[in-house]
Amino acid sequence: MSQKKTGSTRSKSKKSFKNKELNKRPKAPLKKAAGRKTAGKSMPRVVVRRSAIHGRGVFAVSAIARGERILEYTGERISHEEADRRYGDLHENSSHTMLFAANDEIVIDATKRGGPARWINHSCSPNCEADEVDGRVFISAARAIRPGQELLYDYNLVLEERHTPKLKREHPCHCGARNCRGTLLGKKR
Ligand SMILES: C[S@@+](CC[C@H](N)C(=O)[O-])C[C@H]1O[C@@H](n2cnc3c(N)ncnc32)[C@H](O)[C@@H]1O
Ligand SMILES: [Zn+2]
């Protein structure tokens, strides 16, 4: 399970979008909070706003305990074939993706009906992890997260072709972690 980029293998999390769709990504309102509803009142836990890492990111509004489930990665549920049909060409020219491969059958296309989880950026030293449960993907805290911290998980993007130095450079990582591997690409099995 992983972020998917069309043409990528289906192991680990796939997050990849090489296509024009990436350049036409949906406009998410800045500072729109996502949260739990308690007695009719919305309790925002995270907010979408500009990130120093890339574009928009998702930030904790209140403290989140390790292991807590925070968001579901939502969007249109499609096949890998449909994802390739929609984004194959576009992904040839962009490292941006809003696809998440839940498993070998299901890809979640967050460009359509996507929720706030689609704005979560990658880090080589993440504070969140993505887990698949019955074809659905949930983002949980891998460690305690303080208010104001950006939510980040490891995209571990795996493409079908060999991860050459050129391909790694074409998918640069700007997470700033001490152990940053310099690329969004993960390890091939
Ligand atoms: C689903 S979007 C995440 C939201 C993104 N920040 C935005 O505003 O569209 C995934 C894309 O964001 C970019 N991205 C996420 N994390 C990154 C990082 N650590 N370094 C560079 N680009 C990143 C990549 O283009 C990636 O394909
Ligand atoms: Zn990094």
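Predicted model: local features only at pLDDT ≥ 70, side-chain atom pairs only at ≥ 80, totals over all residues.
Taken as a whole, the protein chain contains three helices and 13 strands. Of its 189 residues, 42% are buried. Contacts can also be sorted by how far apart the partners sit in the sequence. Among contacts in the protein chain with a separation of 6 or more, 69% join residues 24 or more positions apart.

In soluble globular proteins, nonpolar side chains tend to be buried together. Here, the largest nonpolar core has 40 residues. Those with the most contacts inside this core are Tyr-73, Leu-99, Phe-100, Ile-108, Ile-120, Ile-139 and Leu-151.

Attention now turns to a sheet. Strands of a sheet pair through backbone hydrogen bonds, either parallel or antiparallel. In this model, three strands form an open sheet in the order S6-S12-S11, and their pairing is antiparallel. Strand S6 (69–72) and strand S11 (128–133) are at the edges with a single partner strand each, so one side of each has no neighbour in the sheet. From one strand to the next, the twist averages 30 degrees. Three bridges link S6 to strand S12 (residues 136–141) in the antiparallel sense. Within this part of the sheet, Arg-69 has Ser-140 of S12 as its bridge partner.

The loop between S11 and S12 holds Asp-134, a residue other than glycine whose phi is positive, near 50 degrees. Asn-156, in the loop between strand S13 (152–153) and helix H3 (165–169), is not a glycine either, and its phi is positive at about 45 degrees. Their surroundings can be described by counting neighbours. Asp-134 has 7 other C-beta atoms within 10 Å and is therefore exposed. Asn-156 counts as buried because it has 21 C-beta neighbours inside 10 Å.

Finally, there is the ligand. Ligand 1 is surrounded by 21 residues, of which the closest are His-54, Gly-55, His-96, Asn-121 and His-122. Strand S5 (56–60) and strand S10 (121–122) each contribute at least two residues to this shell. Sorted by class, the shell around ligand 1 consists of 10 polar, seven nonpolar and four charged residues.

Note on methods:
Residues numbered from 1 in each chain as written. Chains lettered and ligands numbered in written order. Near = placed C-beta within 6 Å. Helix = DSSP H or I, 4+ residues; strand = E, 2+ residues; numbered from the N terminus. Nonpolar A, V, L, I, M, F, W, Y, C, P; charged D, E, K, R; others polar. Core = buried A, V, L, I, M, F, W, Y, C linked by C-beta atoms within 7 Å. Buried ≥ 20, exposed ≤ 12 C-beta atoms within 10 Å, placed from the backbone. Pairing = 2+ DSSP bridges. Axes fitted to C-alpha atoms, helices over the stretch in contact; angles between N-to-C directions. Contact = placed C-beta atoms within 7 Å.
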